[in-house]
Amino acid sequence: MVSRVRIAGVGMSRFSMPRRSENYDVLAVEAITAALTDSGVELADIDQAYAGYVYGDSTSGQNSLYQVGLPGVPVVNVNNNCSTGSTALWLARQAVESGAARCVLAFGFEQMRPGALGTVWDDRPSPFDRFTAALDTVPGSDPGAPLAARLFGGAGAAYAERYDTRPDLFARIAVKARLHAAANPNAVLRDPVTVEEVMAAPAVFGPLTRSQCCPPTCGAAAVLVCDAGFARERGLDARVGVVAQSMTTDRPVSFEGDPIDLVGADMTRRAAARVYEAAGIGPEDIPVVELHDCFTTNEVLTYEALGLTGEGTAERFVLDGENTYGGRVVTNPSGGLLSKGHPLGASGLAQCAELVWQLEGRAGDRQVEGARVGLQHNIGLGGACVVTLYQRED
């Protein structure tokens, strides 16, 4: 399948812990400049820009872009929780595919504070009230634990009970994440850990320990999207195209008592099915995936929701090493959110950057040999899920 929408260039900053980070606009400049340099496109050539961030004042996108230049084009600020970066990319792709624009910049950034995510506005209804109400019906829920850990830890506990999995299943995901991140100079956590160390870390909720939760992270990433004609006219190396993309939100089933659907499994299944159908490519054809591993439990759940392995078979998939180099599909070669880090507004675009590098053969020691197709999965509770399929077109 030949795509009209091409990735002209990608870039990202090095991710870091909050106390060691530059301000958000400095991070954004680094990522945008890297993407422009990677593409050979000038800022004056873009028609639109979509800026993703979760924690920041209105028009922070303009403030960031203005540090690079003032192109005078529409700048749209995007906030869709942890799927913000992919939502910006989804909007950029739509603009190009529809013919409304020929070259669009999608960029995302986050300047996070230390500690668990919390509510900023406590004088109005929370967008998570529906989720909290559903979670309170789950046995063993602890209102004192961070909400995200309760949601994803509860989903992991439900999966473990349903399929009688071994206690160290989820810890093995954290070990793999560190092994992959060791080859990624942009990652936050690059030192190896053992299963025993992960399980001995302080408990958070359910099967989750602290080592199984993504760290608060600051960083930025940027992607330039263009149509095939634009790339051809300017002699750009835009071999990687977006061949299919889908965004879904919650249906009633998310709140009907299954903790796994409460954290987005139903959204993921539907988005993935639409992408596979549109592209004519199935999960068995995909050698590399960047998926939303905000917690180790969610990576395991997502293997099945994306169809990478059958329902109830994720434990064997992990134990057999089918999720890493030498296995059937390399999941999160970047180290994922668990080890690369999770600056909310940038994460989806950093996933895109990693897959572009993989498909162009530029991933260095992380390279998945011969990869020509890559799948991206980015989810935000509240909720939205974006699944994107990329293909190299020589």
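Colleague: Hello! Leaving aside its neighbours within four places in sequence, which residues is Arg 392 in contact with?

Modeller: Welcome! Please keep in mind that this is a predicted model. Arg 392 belongs to strand S12 (residues 384-392), and with those neighbours set aside it is in contact with Arg 239, Val 240, Leu 359, Glu 360, Gly 361 and Arg 372. The word "contact" asks for heavy atoms within 4.5 Å.

Colleague: What makes the pair of side chains of Arg 392 and Asp 394 a polar contact?

Modeller: The cut-off for such a pair of N or O atoms is 3.5 Å. The side chains of Arg 392 and Asp 394 come to 2.9 Å, so the pair falls within the limit and counts as a polar contact.

Colleague: Now Asp 25, in helix H1 (residues 24-39). How do you know that Asp 25 has no salt bridge?

Modeller: A salt bridge needs a side-chain nitrogen of Lys or Arg within 4 Å of a carboxyl oxygen of Asp or Glu. For Asp 25, which is buried, the nearest side chain of opposite charge is that of Arg 113, 15 Å away. That value is over the cut-off, so Asp 25 has no salt bridge. Beyond its sequence neighbours within four places, Asp 25 is in contact with Asn 63, Ser 64 and Gln 67.

Colleague: What makes strand S4 (residues 103-110) largely enclosed by the rest of the structure?

Modeller: Eight of its eight residues are buried, so S4 is largely enclosed. Cys 103, Leu 105, Phe 107 and Phe 109 point one way, while Val 104, Ala 106, Gly 108 and Glu 110 point the other way, and all are buried.

Colleague: How do you know that S4 pairs with S2 (residues 48-52) and with S7 (residues 219-227)?

Modeller: Pairing calls for at least two bridges. S2 and S4 share five, in the parallel sense, and S4 and S7 share eight, in the antiparallel sense; both pairs therefore qualify. Ala 51 stands opposite Phe 107, and Val 104 opposite Val 225.

Colleague: What makes the reach of helix H3 (residues 84-98) close to the expected one?

Modeller: H3 has 15 residues and spans 21 Å from its first C-alpha to its last, against an expected 21 Å at 1.5 Å a residue. As for its setting, 11 of the 15 residues are buried, so H3 is also largely enclosed by the rest of the structure. Trp 90 and Arg 93 are among the buried ones.

Colleague: Last one! Why is Asn 81 called buried and Asp 164 exposed?

Modeller: Buried means under 20% relative accessible area and exposed means over 50%. Asn 81 has 19%, so it counts as buried; Asp 164 has 66%, so it counts as exposed. Phi is positive at Asn 81, about 55°, and at Asp 164, about 50°. Most residues other than glycine have a negative phi.

Conventions:
Residues numbered from 1 in each chain as written. Predicted model: local features only at pLDDT ≥ 70, side-chain atom pairs only at ≥ 80, totals over all residues. Heavy atoms only, no water. Helix = DSSP H or I, 4+ residues; strand = E, 2+ residues; numbered from the N terminus. Buried < 20%, exposed > 50% of the residue type's maximum accessible area, 1.4 Å probe, protein only. Lys, Arg positive; Asp, Glu negative; His and termini not counted. Polar contact = N/O pair within 3.5 Å; in protein donor to acceptor, adjacent residues only side chain to side chain. Expected span 1.5 Å × (residues − 1).
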